[in-house]
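Please read these notes with the model open beside you.

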Amino acid sequence: NRPPTHVASTDRSMLSKVVSKDPMTRSNGKAPQLAPSEMVDGVPDPWEVTWHLALTTLGMTVVYVWIYRRTPLLGNTVPKEYRASFADNLFNIVYLPILSLYAIRASYTLGIAGAEARWRSTNFDSYWFLVLYISKNIMRTVSSIMLGDKKKGIWLIHLHHVVSIMCYSVGLFLGRLHFFGSLDGVCEFSIVFLNMKLLSRDFGLPRGTLYGLNMVLVTLTWILTRLLAFPLWLFVFYSDLYNYPFALEMVNSFELWVYPTTTIIIWCMSILWFIPIWNEMLEIFNDSSGVHKIKNHGREKTS
């Protein structure tokens, strides 16, 4: 379960010098004491990475197909053309919390370790976050097309996933900028609660107290992990480029331009997607009865 062995290593004395003046480190100006197995630098073995991606994608496909075949029994009110999305929502009950945990832990540990770690280092959490994200989105995109998923906005979601797969794959195979990939991935935590909202719709449950509380969590996590986290990503990215010359020297044109552009686009999409979330939350708290059936399958868009 360890990330692939890396074939290069940076000088830890350099890391200590960079960390001592980095604003994101701990107050004592020292890097966290991480064992070599916890944070590594360099290019991973591409064959081992490919093997992990293949096995993970295959395993997810088997589980997803198993769930999909049982959707008629689990959600008999879900139209046939939306069963692929329904199966994905069920799959996400376990998948999203695990993915979010990896992203949060990786962005925290690599972030506070200093600029050198943010740009060059990887750890167990960041590596498996990328593997799980890429594998899931390969499986989901292919299965959605093959099963004729009719969810509204599905092609825009597919486009977003394809671009994300490209960006994350570059970071995974080059073994760098994992902090920025993980910080972007923190946004998946908001989908944990949005997924609960979608499942309540799929099962035709009424809006009640729990639904209202979940909508509060959807709103709060959306603001924190998307509307605020993406600007933070851009601030740290360009601050590092300005303050640490090594960062600009080590990245290629794709990483320099496509990564921040993708983050900006997802930020703008998140703002647009937040409007119906905010309106629904206001509607819930302004509704005196608080009991309505969830309709319009496939209305919400998620990333």
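1. The largest nonpolar core of this predicted model has 69 residues. Those with the most contacts inside the core are Y95, W119, F129, L172, L177, F180 and W222. As for L177, leaving out residues up to four places away in sequence, this side chain's residue touches R118, W119, F237, M250, V251, E255 and Y259.

2. A search of the whole structure gives 19 aromatic pairs. In one of them, the ring centres of W119 and F180 are 5.0 Å apart and the planes stand at 65 degrees; an angle over 60 counts as edge-to-face, so this pair is edge-to-face. W119 belongs to helix α5 (residues 115–120) and F180 to helix α8 (residues 178–185), so the pair ties together parts 61 residues apart in sequence. Both W119 and F180 are buried.

3. The rings of F129 and Y133 have centres 6.1 Å apart and planes at 40 degrees, so this pair is tilted. F129 and Y133 are 4 residues apart in helix α6 (residues 124–146), which means about one helical turn separates them. F129 is buried, at 0% relative accessible area, and Y133 is buried at 4%.

4. Ring pairs also join W119, F179, F180, W233, F237 and Y238 into a cluster. Over the ring of F179 sits the charged end of R118, 6.0 Å from the ring centre. R226 lies over the face of W222, 4.3 Å from the ring centre.

5. What span should helix α10 (residues 209–243) have at 1.5 Å a residue? Its 35 residues should span 51 Å, and the end C-alpha atoms are 49 Å apart, which agrees. Helix α10 bends by about 45 degrees at A229, and the proline P231 follows within four residues.

Note on methods:
Residues are numbered from 1 along each chain as its sequence is written. This is a predicted model: local features need pLDDT of at least 70, side-chain atom pairs count only at pLDDT 80 or more; totals for chains, interfaces and linings use all residues. Side-chain values use heavy atoms; hydrogens and water are left out. Helices (H or I, at least four residues) and strands (E, at least two) are DSSP runs, numbered from the N terminus. The expected span of a helix is 1.5 Å times one less than its number of residues. The bend at a residue is the angle between axes fitted to the seven residues ending there and the seven starting there. A nonpolar core is a set of buried Ala, Val, Leu, Ile, Met, Phe, Trp, Tyr and Cys residues joined through side-chain atoms within 4.5 Å. Buried means under 20% relative accessible area, exposed over 50%, partly exposed in between (1.4 Å probe, protein chains only). Contact means heavy atoms within 4.5 Å. Rings of Phe, Tyr and Trp (its six-membered ring) pair if their centres lie within 6.5 Å; planes under 30 degrees apart count as stacked, over 60 as edge-to-face and the rest as tilted. A charge sits over a ring if NZ of Lys or CZ of Arg is within 6 Å of the ring centre and within 35 degrees of the ring normal.
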